[in-house]
Amino acid sequence: MTGALLALALAAQAGEAAAVLKSLETAGRDLRTMRADFVETKVLLLLDEKTESRGEVLLQVPGRFRWNYTAPQPSVTVVKDGRFARYFPRSKQVFRGPARGEADLLVGFGPGAAGLGQKYEVTLVGDETVGEASAYVLDLKPRPSQSGLFAGIRLWVDKSRFVPVQTRLTEPTGDHTTVRFDKVVINGPLKAGAFDLVLPKDVVEVQ
C-alpha cells in the first residue's frame, strides 16, 4: 500500500471510530438506568491464573452502581456518593473506602461516555459477535496527559443500541479483566432502595 493509500485508509478508519464514539456518547446521554447479567473474567499473567465470577449489575445515573456476585462466592459491591462498600455474607465482613477504579468496569455507559474521546485515543479495530449481539470493537489508549489504572481498554459496542456488551481493562503489567454483559435492559425500572446495602447487626467493618 502506498503512502497516500495508507493515509486515506487511516483517515477512513479514524472517521469510522469517531462515528461509533459519537453514537456511544449519544446513547450515554439518554441512559438513566441499566441492569444486566455479567460474567467477569480476570487473568493474572505472572501467576498464570484465570478466575471467573458471575452475577447481576445495576447502574443509576449519576454515579450509582451495584454488583451482586452470585458465583463463585456471594458478595455485593455498591458504589454510591463517591464511596464503595463490598460485603461478604459468609464472613460477615464489609470493606469500605473511597471509590476509585470501581466504575471503570462500566466505562462507556452513561454520561461518562461523552469524555472518552478527550481521555483516550480511540481506534476502531473491527467487529465481532458477543453473545447474540453484533458489536463494533474499539481500542482506547490513554492520552499522554491522562493517568489511570489501565494501559488500555477494549470496548465491544452493540451495533443496534450503541451500549457496551463487553469490556476489557488491561493493566500495565498485562493482567486484564473482561466483563461480558448479557440481557442488558436500558432505562428500565429498578427496585426502591436498590443501592442501599442492608447489613446484619454483627457485621465486621473493615476500612
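## A tour of the sheet and its loops

Begin by selecting Pro 62, which lies in the loop between E2 and E3; strands (E, at least two residues) are DSSP runs, numbered from the N terminus. The model is predicted, so that local features need pLDDT of at least 70 and side-chain atom pairs count only at pLDDT 80 or more, while totals for chains, interfaces and linings use all residues. Residues are numbered from 1 along each chain as its sequence is written, and side-chain values use heavy atoms, with hydrogens and water left out.

Most peptide bonds are trans. Next select residues 49–60 and 64–71, which are strands E2 and E3; they pair in the antiparallel sense over 7 bridges. Two strands are said to pair if DSSP finds at least two bridges between them. Within this pair, Glu 56 stands opposite Asn 68 in E3.

**Two further loops along the chain**

Move on to Ala 71 and Pro 72, which are joined by a cis peptide bond with omega about 0°. Pro 72 is in the loop between E3 and strand E4 (75–80).

Then select Asp 81, in the loop between E4 and strand E5 (83–88). Asp 81 is not a glycine, yet its phi is positive, at about 55°. Most residues other than glycine have a negative phi. Is Asp 81 buried or exposed? Its relative accessibility is 63%, and Asp 81 therefore counts as exposed; the terms are buried for under 20% relative accessible area, exposed for over 50% and partly exposed in between (1.4 Å probe, protein chains only).

**The whole sheet**

Zoom out to the open sheet, in which 12 strands follow the order E7-E8-E9-E10-E11-E1-E2-E3-E4-E5-E6-E12 with mixed pairing. Its edge strands are E7 (120–130) and E12 (204–206), each of which pairs on one side only. Direction ignored, neighbouring strands of this sheet are turned by 20° against each other on average; the axes are lines fitted to C-alpha atoms, and angles run from 0 to 180 degrees between N-to-C directions.

Select Trp 156 in strand E9. With a relative accessible area of 3%, Trp 156 is buried. Not counting residues up to four places away in sequence, Trp 156 touches a set of residues that includes Glu 128, Val 130, Tyr 136, Val 163, Pro 164 and Arg 168, where contact means heavy atoms within 4.5 Å. Gly 108 is 48 residues from Trp 156 in sequence and 9.7 Å from it in space, C-alpha to C-alpha.

The loop between strand E9 (152–158) and strand E10 (164–170) holds Phe 162. Phe 162 has a positive phi near 55° and is a residue other than glycine.

Continue to Thr 178 in strand E11 (residues 176–186). Thr 178 is buried, its relative accessible area being 11%. Beyond four places in sequence, the contacts of Thr 178 include Val 39, Glu 40 and Thr 41.

**Confidence**

Finally, colour by pLDDT, the predictor's confidence in each residue, from 0 to 100. The protein chain has a mean of 88, and 90% of its residues reach 70 or more. Over residues 1–13 pLDDT stays under 50, and the model has 4 contacts beyond four places in sequence for them. Where pLDDT is low, the predicted coordinates should not be read in detail.

Note on methods: Helix = DSSP H or I, 4+ residues; strand = E, 2+ residues; numbered from the N terminus.
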